[in-house]
Amino acid sequence: MFNLRTLQKNKTVKYGVPMLLLIVGGSFGLREFTQIRYDAQKLKRKMDPALEAKVNMQRQSVILEEEYEKLKELKLDEWKNIRGPRPWEDSKEYQEQQRSNLSKNN
């Protein structure tokens with residue numbers, strides 16, 4: 001029927017079967033490695049309960065009204081629009097020019 005020598009000469013058996021084994025085995029191997037990766041990410045995300053309580057307290061301590069009061073204290077009407085240097089301009093030279101213009105105006 002089939003002997004070993006004819007199977008060794010068959011190109012499908014010689015090249016095709018190892019390729020299929022590599023593809024199928026590789027998919028199983030990749031599945032295991034990606035599962036390890038996701039498990040490690042889950043472990044990183046877990047926090048100590050005491051630390052988590054501190055973090056949540058800090059997040060809750062910021063109150064919208066307090067932030068609004070801080071913004072009200074700022075003088076937002078007294079600002080000047082200062083143009084920055086263009087990419088083709090020398091920034092140090094332009095800064096010196098801006099400083100001299102500001103000193104002349106004041």
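**A close look at the salt bridges**

A: The structure holds four salt bridges, where a salt bridge means a side-chain nitrogen of Lys or Arg within 4 Å of a carboxyl oxygen of Asp or Glu. Side chains of opposite charge can pair when their charged atoms come close. Before we look, note that this is a predicted model, in which local features need pLDDT of at least 70 and side-chain atom pairs count only at pLDDT 80 or more, while totals for chains, interfaces and linings use all residues. Residues are numbered from 1 along each chain as its sequence is written, and side-chain values use heavy atoms, leaving out hydrogens and water.

One of the bridges joins Glu32 to Arg31, with 3.6 Å between the closest N and O atoms. Glu32 is partly exposed, at 45% relative accessible area (buried means under 20%, exposed over 50%, partly exposed in between, using a 1.4 Å probe and protein chains only). Arg31 is partly exposed too, at 48%.

Another bridge links Lys72 with Glu69, at 3.8 Å from N to O. Both residues belong to helix H4 (residues 64-73), three residues apart, or about one turn of the helix. Helices (H or I, at least four residues) and strands (E, at least two) are DSSP runs, numbered from the N terminus. Glu69 is partly exposed, with a relative accessible area of 41%.

In helix H5 (residues 91-105), Arg99 and Glu96 are about one helical turn apart because three residues separate them. Their side chains meet in a salt bridge of 3.2 Å, N to O.
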